[in-house]
Amino acid sequence: MPDFAHDEATAWRALDVIDQLLAARDRMASGVGGIGFLREHEAVAPVAWSWWMLISDSARVVAEAAKNGNGFVVAPVMRNLMTHAVAMAWLVDGGDAAVQAVDAYSDDQLLKLITNAKRAGWDVEGDEVEAKVRADVDERTAHPAPEVVRLTNEIRNTADLMAAFGEQEGYLPYRHLSSYSHTTRETAQLYLHRTRAGGWELRNKPRESGLNDVIWTAVCLIQAGRILDSILSEQLLAEELDQATAHLGISGDIVPRRRLRRDAAN
């Protein structure tokens with residue numbers, strides 16, 4: 001088995017893995033009418049499927065950008081991919097309560113958007129969507145379900161979500177990518193080269209390719225694929241996932257698992 005490391009050799013293997021899994025994903029998606037889910041996971045199946053498709057399409061974008069030497073341009077895409085990979089584990093672990101938490105969190109975000117629209121001078125008074133969302137929020141507030149409240153709080157924040165599933169190491173590249181998702185020194189100097197005289201030389205390509213970041217894209221794609229496969233009535237991705245894991249050089253179970261509550265408290 002090859003060595004898994006943060007180096008270019010692993011990054012190139014990661015690109016192979018991404019291509020392999022995307023081909024498997026496309027084959028599976030072409031027969032979408034025949035895909036079935038285990039009965040105990042029917043509540044989460046639609047959301048899991050949609051998130052898996054988003055993750056895999058995002059991985060395609062990241063891989064293509066990295067091959068062209070523009071990996072950092074899609075840093076926000078990769079951050080979103082990483083969040084959704086852990087969220088898939090959160091979803092399956094939480095079941096129907098997690099689906100309700102997605103609705104609760106989404107309603108909160110929509111109300112914030114409506115508030116921002118009003119501040120911007122948009123005429124949104126009397127909107128039927130707002131009335132329904134506010135009624136739903138009021139109902140949840142009046143009759144809170146403790147598990148839904150807990151899961152809603154987790155999904156609000158990527159750091160909390162990753163901590164809940166023992167993904168602290170995975171949060172490091174996420175934070176690194178944040179530097180390329182905001183107006184920081186890293187983006188301010190990305191297309192520059194420091195000269196010996198202390199000045200700047202302009203560049204038409206980023207000073208780094210972002211190639212190594214595809215390693216985590218491949219890891220997340222494997223994680224999300226394992227989670228989806230675990231809730232299917234037939235494990236349609238198992239063979240490709242086994243091959244991809246071995247080729248990348250990973251041993252053991254890399255699927256995010258919820259930490260015991262007593263561990264999380266320590």
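Start by selecting S230: leaving aside residues up to four places away in sequence, S230 touches L38 and H41, where contact means heavy atoms within 4.5 Å. Before you click on, know that this is a predicted model, in which local features need pLDDT of at least 70 and side-chain atom pairs count only at pLDDT 80 or more, while totals for chains, interfaces and linings use all residues. Residues are numbered from 1 along each chain as its sequence is written, and side-chain values use heavy atoms, with hydrogens and water left out.

Stay on S230 and show the helix around it. That's α10, residues 214–231 (helices are DSSP runs of H or I, at least four residues, numbered from the N terminus).

Next, select D107 in helix α4, residues 96–119. D107 is buried, at 12% relative accessible area. Which side chain makes a polar contact with D107? Pick R140, and you'll find the two side chains joined at 2.8 Å (a polar contact is a pair of N or O atoms within 3.5 Å; within protein, one must be able to donate a hydrogen and the other to accept it, and residues adjacent in sequence count only if both atoms are side-chain atoms). Beyond four places in sequence, the residues that D107 touches include V133, D136 and V137.

Now for the rings: there are two aromatic pairs to find. Select F72 and Y180, whose ring centres are 4.2 Å apart with planes at 20 degrees, so this pair is stacked (rings of Phe, Tyr and Trp, the last by its six-membered ring, pair if their centres lie within 6.5 Å; planes under 30 degrees apart are stacked, over 60 edge-to-face, the rest tilted). The pair links distant parts of the chain, 108 residues apart: F72 is in the loop between α2 and α3, Y180 in the loop between α8 and α9. F72 is buried at 7%, and Y180 is buried at 9%.

Last stop: Y171 and Y174, also a stacked pair, with 5.5 Å between centres and 20 degrees between planes. These two sit three residues apart in helix α8, so about one helical turn separates them. Y171 is partly exposed at 22%, whereas Y174 is buried at 9%.

Notes:
Buried < 20%, exposed > 50% of the residue type's maximum accessible area, 1.4 Å probe, protein only.
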